Amino acid sequence: MDDLLKELEALRIRNDFCEDVSSWTPCIDLIQASFAPQRTVGQERPCEEKDFKEYRIVVERNLNNVKSMLEHISNSCKEKHLQLVNATGIVRTFSMNLLLLIGEHSEKNVWNTAECVSISKELLVTFCDLYAHQSPSQILSENLYDLLLMLRPKLLKDTWKTYPSAVGCYRWILQEAKKPILFNHIGDVLPTTLIILDDYFPDNVLIGLECIYQIIQHSYMQKGLIDSGYAKLIYHALELLTRQKEVKYIIPLYSCISSLLATMEHYDDSDIKFGQWSERDDVLSTLIENMELEQNIELRRVYMLSLPLLITHIGCAKWCGALVRILAEYCEHHTDLRTLKATLEMAKMFLLMFPMRVAAHCAPLYAVFLKLHVDLMETPVLDPAIVHYLQDCIYMLCQLSSNVGYTVINDNRMRSVLNNITVCQGGDIKYFE
């Protein structure tokens, strides 16, 4: 490292600072020597710190050396009023390698330490300063193709599991890239994402979902996503995951599906016809079936949190009967307050979205809400929002069905409830009396 700094010091008095290949080569070598190594064993299990035991011993030292080198280069550039924004050749190679190293340590993982993440952030700040104070997203977007090309050998179908640090860097690039650049390069980013998504380790599937979510967001309402066939390809990859029961990625999965369906339905005239069966109905059919049969507390919670992502328009009215059954069952057999809160939030949204359909289902909902309120009064809950949502649902049921309202008013069990219910509607406070 001392010899490298001496070479860099010599650069300060030379006019060919950005063109001298021999002086930049050791800088690139230092960066490349700091990349996380290939994982040669244990591919049949998730990564652990022991897989990078030797690397973790030296990684902080290596990154600090890179930091000292970059600071020296930055000081030299400032003295000569130089910037790397238009750099080519060997200097551009240096820049791309440095970005990949920063990406590998952009967050805490099994191959690094918290100190590595801190150093990585400092490197990024200095690097952006060298690039005429451009933002990281702008730099990554402008160099996206070259960065993906450099990462590609590590992210092939047969190699990606041996380079988890490259996968982490890939995810960082996609998360930081400026919209809609990923759509412009969808043919370059989607294959790698689908490879990662098609794995049996939940952590890898989650990474794949995070990456595909970024691609979908960059492609939001882009007709080219439909015309190219990529929308259907992504949909089928995601739809396969709806049959798997893994708490960790249920909500990210349905977030991806919901966003993708919004674009697909926007350009599909057949889906806007009331009652027309669509891809959304296929997904809802699977989700509702999973919810009706599920007894695992955590799965019930994430399923209920995912349901509002798909109940978004009047075409979902065909599912009212099934939704009432689920809401009633989840309220009647609640064992987890977080799930109960999500259920009552969903119930309130359901009553607001389908007021004309609710009248046919008021009786079972009223009975369940009544029993639930009695239960909550006997065992007070710490979250007042649960009671608030329940009271809102009872009020709306009374407004939507005169029969239920009559029953409520004349039910002695509800008189104490009615005396305490206050609901804010349209800016006015309404009281049951």
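Some ground rules. This is a predicted model, where local features need pLDDT of at least 70, side-chain atom pairs count only at pLDDT 80 or more, and totals for chains, interfaces and linings use all residues. Residues are numbered from 1 along each chain as its sequence is written, and side-chain values use heavy atoms, with hydrogens and water left out. Helices are DSSP runs (H or I, at least four residues), numbered from the N terminus.

Stay with α18. Its buried residues (under 20% relative accessible area, 1.4 Å probe, protein chains only) include Leu340, Leu344, Ala347 and Leu351. What covers the buried residues of α18 includes α16 (297–310), α17 (320–332) and α21 (384–400).

Now α21. This helix has 17 residues too. It reaches 25 Å from first C-alpha to last, close to the 24 Å expected. In α21, 12 of the 17 residues are buried, so it is largely enclosed by the rest of the structure. Among them are Tyr389, Asp392, Cys393 and Tyr395. Look at the start of α21: a side-chain oxygen of Asp383 reaches to within 3.0 Å of the backbone nitrogen of Ala385.

Last, charges over rings (NZ of Lys or CZ of Arg within 6 Å of the ring centre and within 35 degrees of the ring normal). Arg300 lies over the face of Tyr330, 3.9 Å from the ring centre. Lys154 lies over the face of Phe35, at 4.8 Å.

Terms used:
Buried means under 20% relative accessible area, exposed over 50%, partly exposed in between (1.4 Å probe, protein chains only). Helices (H or I, at least four residues) and strands (E, at least two) are DSSP runs, numbered from the N terminus. Contact means heavy atoms within 4.5 Å. The expected span of a helix is 1.5 Å times one less than its number of residues. A polar contact is a pair of N or O atoms within 3.5 Å; within protein, one must be able to donate a hydrogen and the other to accept it, and residues adjacent in sequence count only if both atoms are side-chain atoms.
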